[in-house]
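Keep the viewer open while you read.

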Amino acid sequence: MEAIISTIKDVFLGSICLQITVVSILLSLVWPTFKYYAKLTAILWMSFMVMVVPIPLYLFKPRWPLNALIPGIVACEVIRWFGVEYEIRGKEHINVKNGGVALINHQSAIDIVMLSRLLREFRNIVPVVKKELFYALPFGIASYLVGVVFIDRKNITSAKDVMKREAVAIQRDNLKLAIFPEGTRHDKDTLLPFKKGSFHVAIDSQSIIQPIIVSKYSFLDHKKKRFGRGRVIIKILPEISTKGMTKDDINSLVEKCQTTMQAEFNALSAEAKQYCHL
């Protein structure tokens, strides 16, 4: 027994990584704030690494959405180790032959993992994100190579030009642009008013809009600095065709999508909350 204890002691003292792991676990047990920062940092760092490491492979087929498939699978598996699991509903509403706009509510930086999970189902979905992320090298380069679309929110003319090009890509390549219509992330119970850019793209391309609702992250409280365990329910709603619609229809279309997504968000969040523990 003494020999076993001595061996364990030698292994522990000789491994910096093991020491850090043990200390981190102990701190997480007695200090929830440390657990919050540790889990959030680990998930974001992991997302960074799984995207960046395969960059040489992306070069064989640049701007191909499925370049991110394997990194996405790894990211979802790692976040499951941290106590977060995903449930996808409405898969029967996915039509990979249709390009269009996927509207998704935006809650946290860890939405990057949620997008990875959706890629496994859609296969043709690419996120639209703020241009500043491109300069987070080498993550920005990796994101570009997997097809992510970057827009400059501060330059309206530039943003409109980019979205016009993507409207063409929707028709040409049957891509679905994953857009956060609220424009910014938040953890409130009420969705923020939708911006109209994504609706302009859908109508310009005469394609479809597909609302996708993600239940509230009740296991994550940024104000109290708590990161527990929980389930994320993602519901894919039927496509809404914009064929025949004009700019005059945008206001009613925005209102329809906002109302529908808010109602689903309320229902899914109430259901998912029972599986969440802070």
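**The whole chain**

Before anything else, bear in mind that this is a predicted model. The protein chain has ten helices and ten strands. It runs to 278 residues, and 46% of them count as buried. If you take the contacts with a separation of 6 or more, 77% of them come from residues 24 or more positions apart.

**Two helix pairs**

Two packed helices are described by the angle between their axes and the distance between the axes. Here are two such pairs:

| Helix pair | Angle between axes | Axis distance |
|---|---|---|
| α5 (residues 69-81) and α6 (residues 111-122) | about 125° | 8 Å |
| α9 (residues 197-204) and α10 (residues 250-273) | about 115° | 10 Å |

Start with α5 and α6. Angles of 65 to 115 degrees count as roughly perpendicular and those over 145 as roughly antiparallel, and this pair packs at about 125°. The two helices are therefore oblique to each other. As for handedness, α5 passes α6 in a left-handed crossing. On the α5 side, the contact is made by L69, G72, I73, A75, C76 and I79. The α6 side brings in V113, S116, R117, L119 and R120. Sorted by class, this contact has seven nonpolar, two polar and two charged residues.

Look at the spacing along α5, where the contact residues include L69, G72, I73 and C76. An α-helix has 3.6 residues a turn, so residues three or four places apart point the same way.

Now for the other pair. Helix α9 passes α10 in a right-handed crossing. The residues that make the contact are F199, H200 and I203 of α9, together with I250, L253, V254 and C257 of α10. How do the residues of this contact divide by class? There are six nonpolar, one polar and no charged.

**Aromatic rings**

How many aromatic pairs does the structure hold? The count is eight. A pair of aromatic rings is described by the distance of the centres and the angle of the planes. For F219 and F227, those values are 5.9 Å centre to centre and 40° between the planes, which makes the pair tilted. Are these two residues, F219 and F227, buried or exposed? Both are buried.

There is also an aromatic cluster to find in the viewer: F134, Y135, Y144 and F150 form it together.

**Backbone spots to check**

Most residues other than glycine have a negative phi, and most peptide bonds are trans. A few places in this model go the other way.

P138 sits in the loop between β3 (125-130) and α7.

With 29% relative accessibility, Q206 counts as partly exposed.

K225 has a positive phi too, near 55°, and is not a glycine either. You'll find K225 in the loop between β7 (220-221) and β8 (226-227). At 24% relative accessibility, K225 counts as partly exposed.

Why does S143 count as buried? Buried means under 20% relative accessible area, and S143 has 5% relative accessibility, so it falls in that class. S143 lies in helix α7 (residues 139-145). Setting aside neighbours within four places in sequence, S143 is in contact with M51, V148 and F150. F150 is one of the residues of the aromatic cluster.

S108 is the other one, in the loop between β2 (100-104) and α6. Its relative accessibility is 3%, so S108 counts as buried. Apart from neighbours within four places in sequence, S108 has contacts with R185, Y217, L220 and H222.

Key. Residues numbered from 1 in each chain as written. Predicted model: local features only at pLDDT ≥ 70, side-chain atom pairs only at ≥ 80, totals over all residues. Heavy atoms only, no water. Axes fitted to C-alpha atoms, helices over the stretch in contact; angles between N-to-C directions. Helix = DSSP H or I, 4+ residues; strand = E, 2+ residues; numbered from the N terminus. Parallel < 35°, antiparallel > 145°, perpendicular 65-115°, else oblique. Left-handed = near helix turned anticlockwise from the far one by under 90°. Contact = heavy atoms within 4.5 Å. Nonpolar A, V, L, I, M, F, W, Y, C, P; charged D, E, K, R; others polar. Phe/Tyr/Trp six-rings, centres within 6.5 Å; stacked < 30°, edge-to-face > 60°. Buried < 20%, exposed > 50% of the residue type's maximum accessible area, 1.4 Å probe, protein only.
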